[in-house]
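Reader: I would like to go through this structure with you. Could we begin with the overall fold and then turn to the ligands?

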Amino acid sequence: MKAVLAADALRPETLAEVERRSGQHVRECYQCGKCTAGCPIFSDPDGGDMDLPPNQVMRLLQLGLGETALRSRTIWLCAGCATCTARCPREVDLASVMEALRVMALKEGITPAGLGNIPLFNKLFLKNIRRYGRLYEMELMGKFNMFSLQPFKDFLKAPGLFFKGRLGLLPGFKGRKTGVPAFEDAREARKLERE
Ligand code: SF4
Ligand code: SF4
C-alpha cells in the first residue's frame with residue numbers, strides 16, 4: 001500500500017493510545033512481515049478481504065497514520081487467532097494491538113462500510129466477557145440475533161449443540177479461580193507488571 005504522509009493526516013497520539021490499551025510496544029516492530037505471512041485471514045485465497053496486511057497496520061501506527069489504521073477493514077476482519085503473536089520475533093502481541101484498535105474505532109464511531117454485523121458482534125462479545133469473565137454463548141447469540149434483527153438465525157442448531165454439551169443454559173465459571181471478571185484480572189495483571 002502506498003501511503004502519503006500529509007501533515008493533516010498525522011495522528012501520532014493514536015500510537016500512544018494503542019500502546020497504552022494493548023500493553024504492547026508497537027515501535028518494536030521491525031517490519032519483518034512474519035505476522036502477515038502466517039495470518040490465515042489475509043492469506044485466505046477465498047477472499048479474507050483485509051484491505052491492509054497486518055504488518056502494514058503496525059507501520060501506519062509507527063508513522064503516525066493511526067487514522068488510516070482505525071479506518072481499515074483489516075482490524076475488523078482479524079479473527080484474533082494470535083498466530084501473528086506467536087510468530088513475531090519481537091514478541092509484539094499484534095492480536096492485542098488489533099483488539100485495541102477495534103475498541104478505539106468503536107469509541108470514535110468509526111466503522112468502515114460493508115462490514116455487516118461484525119462491529120455489533122465484537123461489541124456484544126466484549127460485553128459478554130466483561131460481564132461473566134468467560135464466554136456465555138447462549139446470551140451472546142440471543143442478543144446478537146435480536147440486535148441484528150434475525151431472531152431465528154442458527155435457531156435449529158441450538159438443540160444439537162446443547163445435547164453435545166457445547167452450549168450451556170447458564171453461564172459457567174468452571175476453570176476460573178474467582179468470579180472476578182476477566183477484564184479486572186487483566187487490569188490487575190498490568191498494574192502488577194508496571195510495579
Ligand atoms: S512479525 Fe512482529 S516484527 Fe514482524 S512485522 Fe509482524 S509485528 Fe512486526
Ligand atoms: S490475530 Fe488477526 S492479524 Fe493476527 S494472524 Fe490472527 S487473524 Fe491475522
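Predicted model: local features only at pLDDT ≥ 70, side-chain atom pairs only at ≥ 80, totals over all residues.

Reader: How much of the protein chain counts as buried?

Author: Of its 195 residues, 24% count as buried. As for the contacts with a separation of 6 or more, 65% are between residues 24 or more positions apart.

Reader: On to the ligands. Which residues are the closest to ligand 1?

Author: The closest are Cys29, Cys32, Cys35, Asn55 and Cys88, out of 15 residues that surround ligand 1. Two elements give two or more residues to this shell, namely α2 (34-38) and α3 (54-62).

Reader: And how do the residues of that shell divide by class?

Author: The shell around ligand 1 has 9 nonpolar, 3 polar and 3 charged residues.

Reader: What about ligand 2: which residues are the closest there?

Author: Cys39, Cys78, Cys81, Cys84 and Ala95 are the closest of the 14 residues around ligand 2. Here the elements that give two or more residues are α6 (83-87) and α7 (94-107). The most comes from α7, with 3 residues.

Reader: Let us return to α3. Why is it described as largely enclosed by the rest of the structure?

Author: Because 7 of the 9 residues of α3 are buried, the helix is largely enclosed by the rest of the structure. The buried residues are Pro54, Asn55, Gln56, Val57, Met58, Leu60 and Leu61.

Reader: Now the packing of α1 and α7. At what angle do their axes cross?

Author: The axes of α1 (residues 12-22) and α7 cross at roughly 115 degrees and come within 9 Å. The crossing is right-handed.

Reader: Which residues make the contact?

Author: From α1 there are Glu17, Val18, Arg21 and Ser22, and from α7 there are Ser96, Val97, Glu99, Ala100, Leu101, Val103 and Met104. By class, the contact has 6 nonpolar, 2 polar and 3 charged residues.

Reader: What of the largest nonpolar core: which members touch the most others?

Author: Leu61, Ala69, Ile75, Leu94, Val97 and Leu101 do, in a core of 29 residues. The elements that give two or more residues to this core are α1, α3, α4, α5 and α7, and the largest share, 7 residues, comes from α7.

Reader: Take Ile75. With which residues is it in contact, leaving aside its neighbours within four places in sequence?

Author: Ile75 is in contact with Val57, Ala69, Met98, Leu101, Arg102 and Ala105. Among these, Ala69 and Leu101 are themselves listed with the core members that touch the most others.

Reader: One last point. Where is Gly172 placed?

Author: Gly172 is in the loop between α10 (157-163) and α11 (182-194). Because it has 13 C-beta neighbours inside 10 Å, Gly172 counts as partly exposed. From C-alpha to C-alpha, Gly172 and Leu135 are 8.5 Å apart in space, while 37 residues separate them in sequence.

Key:
Residues numbered from 1 in each chain as written. Chains lettered and ligands numbered in written order. Near = placed C-beta within 6 Å. Helix = DSSP H or I, 4+ residues; strand = E, 2+ residues; numbered from the N terminus. Nonpolar A, V, L, I, M, F, W, Y, C, P; charged D, E, K, R; others polar. Axes fitted to C-alpha atoms, helices over the stretch in contact; angles between N-to-C directions. Left-handed = near helix turned anticlockwise from the far one by under 90°. Contact = placed C-beta atoms within 7 Å. Buried ≥ 20, exposed ≤ 12 C-beta atoms within 10 Å, placed from the backbone. Core = buried A, V, L, I, M, F, W, Y, C linked by C-beta atoms within 7 Å.
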